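Subject: Structure handover

Hello,

Here is the structure for you to take over. Please open it alongside this message; my notes on what was found follow below.

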Amino acid sequence: MAKKNIAFYPGCSSQRKSSAANYLVSVQSMCDKLDIAMNEIPDWNCCGASIGYAEGGELPRVAITARNFALAEKHLPGQDVVSTCAACWLANRETQERLEASPHLRAETNEALGAAGLSYQGNTKARHMVEVLIEDIGYEGLKAPVVKSLEGIKFAGYVGCQTNRPFGIAGESFENPQYLDKMVELAGGEAVPYDQKVTCCGGALAFSEPEKSQKQIRDIVESAYDHGADMIVTPCPLCQANVEVYQSEINKKQGTQFNMPVLYYSQLLTVAYGGTAAEAGLDGQIIRASRLEEIAGK
Amino acid sequence: MTTANQPAAYRNDFLKEVEANVEEGHMVKMCMQCGVCAGSCPLGSHWEHSPQKIFMMIRAGKREEVLTSDAMWMCTSCYNCIARCPRKLPITHIMHGLANYAHRLGLAPKGQPTRDFAVMFWNNLTKTGRVNELKLTLGHYFKDGIGAGIKKGLEMKGVGLGLLKAKRLNPMEILGGHKLQDLAGFHAIVAKAREIEDRRRGLSS
Ligand code: SF4
Ligand code: SF4
């Protein structure tokens, strides 16, 4: 029996061969080492993300997320619904809070769910993987399985928006959250001071307003270089993708020489726990993190 | 003030209309016009109207100016404003709610890129229950026609090939990709939810 069981909500970007497939691979390896059993919610659907608002409206968005809760309650009773994606977590938490606050919305939601023979009871708790790590396992517990040190690598901890606002991780500030730096340090790496820690990467507007978003991304990468970082580390799949894949675009248009790897916390921990480069999903980087690959290969 | 597509019950009272029909709209009247939100938006310099201005315009009954503004479509959902607003307005949600309402009434700016992308995103995810990233990307590139799509695709070729090589974009998704088992049930939920919401707003689906 695993130390901890969670109802896992991967979200669309973390499916096989999707843009954050390397996040999923590394989270799985990390959870294996920590003895956390990730039980995928059967037949889960998309959370609607933030950008779903325009066509989706409120009730359809709430209803599709409530469908995931209803499935978790039915198939994985008593387990927290845990997501790794910031936007999924936000959608889940927001939905849960609104359903708790408004009996009216809850009645309408259940009327919609009834169309598929489901109902939402309100027995689940929406959480982020980072909360499970910090609150249930704890920093000491996270440090215990470390067998390799990431010594000598400097990381800029880029928290971004939605893992941080409006809910954030309990006990952390909006302007300067510390947990990512603490994770870097317990893995033996160095967390450099970083003034773009909570800057917005442009989110979905990286698609629809590329010029404006790339200005954000440029600031985020530039500041990591200015503070002497070798790599950026983040908990958010949209931040990871935006900040990694647009560097070549920015280089082309603006003559910069960006080539900064952007990793997930779960990849750092997997390597520190003795996982291989493949187990850490390092083959999924577009900008290779060669120094981490070296440590993983030792 | 225009009354285009305005539900009869709210003639000449835009604030009431917003309170009844816009997500979290009942909170608009709590704004004290301090301007903190206006200084918080990451794409702030590109907004025609900051959230502060939008809320003031709602109270002044400027229905057409608000609903046709492209301001709401510049919101990246960064939640800076919510974290900082001294009156605890759920600004992000109100901006999303206004965008949705303007879109449903057909008053939102035509061809606004984020509006188009957001619609494409929702249609993409509701089709199979999960987002098909390949079709979403292609659909976005080709929205202005084949020529523009090929040009855009070529410009972004490096990005696509990189993702492909890293196994983070699946060419086979063109054939359908990930999909729900109970897709019929999922569609029934979405349809029902929309029907209830439209009924509440006095709109026809
Ligand atoms: S920060 Fe809040 S109170 Fe101040 S102008 Fe913006 S919405 Fe109004
Ligand atoms: S959530 Fe939207 S409105 Fe609020 S600060 Fe961010 S971009 Fe501006």
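To begin with helix 10 of chain A: its buried residues are P237(A), C239(A), Q240(A), A241(A), N242(A), V243(A), E244(A) and V245(A). That is eight of its nine residues, and the helix is mostly covered. Buried here means under 20% relative accessible area, exposed means over 50%, and partly exposed is in between, with a 1.4 Å probe and protein chains only. Helices (H or I, at least four residues) and strands (E, at least two) are DSSP runs numbered from the N terminus.

The model is predicted: local features need pLDDT of at least 70, side-chain atom pairs count only at pLDDT 80 or more, and totals for chains, interfaces and linings use all residues. Residues are numbered from 1 along each chain as its sequence is written, chains are lettered from A and ligands numbered from 1 in the order in which they are written, and side-chain values use heavy atoms, with hydrogens and water left out.

The sheet in chain A

Chain A has an open sheet of four strands in the order 6-5-7-8, with parallel pairing. Strand 6 (190-191) and strand 8 (262-264) are at the edges with a single partner strand each, so one side of each has no neighbour in the sheet. Two strands pair if DSSP finds at least two bridges between them.

Strand 5 (residues 154-157) and strand 7 (residues 231-234) of chain A pair in the parallel sense over three bridges, and A156(A) stands opposite I232(A) in strand 7. Helix 10 (residues 237-245) of chain A packs on the sheet and touches strand 7 and strand 8; its direction makes about 165° with that of strand 8. Helix 12 (residues 265-272) of chain A also packs on the sheet, touching strand 5, strand 7 and strand 8, and its direction makes about 70° with that of strand 8. Contact means heavy atoms within 4.5 Å. Axes are lines fitted to C-alpha atoms, for helices over the stretch in contact, and angles run from 0 to 180 degrees between N-to-C directions.

Strand 7 of chain A also pairs with strand 8 of chain A, in the parallel sense and over three bridges. In that pairing V233(A) stands opposite L263(A) in strand 8. From strand 7, M231(A) and V233(A) point one way and I232(A) and T234(A) the other way, and all are buried.

Aromatic pairs

Over all chains, the structure holds eight aromatic pairs. The rings of Y9(A) and W44(A) have centres 5.4 Å apart and planes at 80°, so this pair is edge-to-face. Y9(A) is in strand 1 (residues 4-9) of chain A and W44(A) in the loop between strand 2 (36-40) and helix 2 (53-56), 35 residues apart. Both Y9(A) and W44(A) are buried.

Y225(A) and F258(A) form a stacked pair, 5.9 Å centre to centre with 20° between the planes. Y225(A) lies in helix 9 (residues 210-226) of chain A and F258(A) in the loop between helix 11 (247-254) and strand 8, so the pair ties together parts 33 residues apart in sequence. Y225(A) is partly exposed at 33% relative accessible area, whereas F258(A) is buried at 9%. Rings of Phe, Tyr and Trp (its six-membered ring) pair if their centres lie within 6.5 Å; planes under 30 degrees apart count as stacked, over 60 as edge-to-face and the rest as tilted.

Chain B and the ligands

Chain B has ten helices and zero strands. Of its 205 residues, 54% are buried.

Among the residues that surround ligand 2 are W47(B), S77(B), Y79(B) and T92(B). A residue is near a molecule if one of its heavy atoms lies within 4 Å of it. Around ligand 1 there are 14 residues, of which C31(B), C34(B), G35(B), C37(B) and C85(B) come nearest.

Backbone points

Most residues other than glycine have a negative phi, and most peptide bonds are trans. R165(A) and P166(A) are joined by a cis peptide bond, with omega about 0°. P166(A) lies in the loop between strand 5 and helix 7 (179-186) of chain A.

S77(B), not a glycine, has a positive phi of about 60°. S77(B) is buried, with a relative accessible area of 5%. K88(B), also not a glycine, has a positive phi of about 60°. K88(B) counts as exposed, at 61% relative accessibility.

Regards
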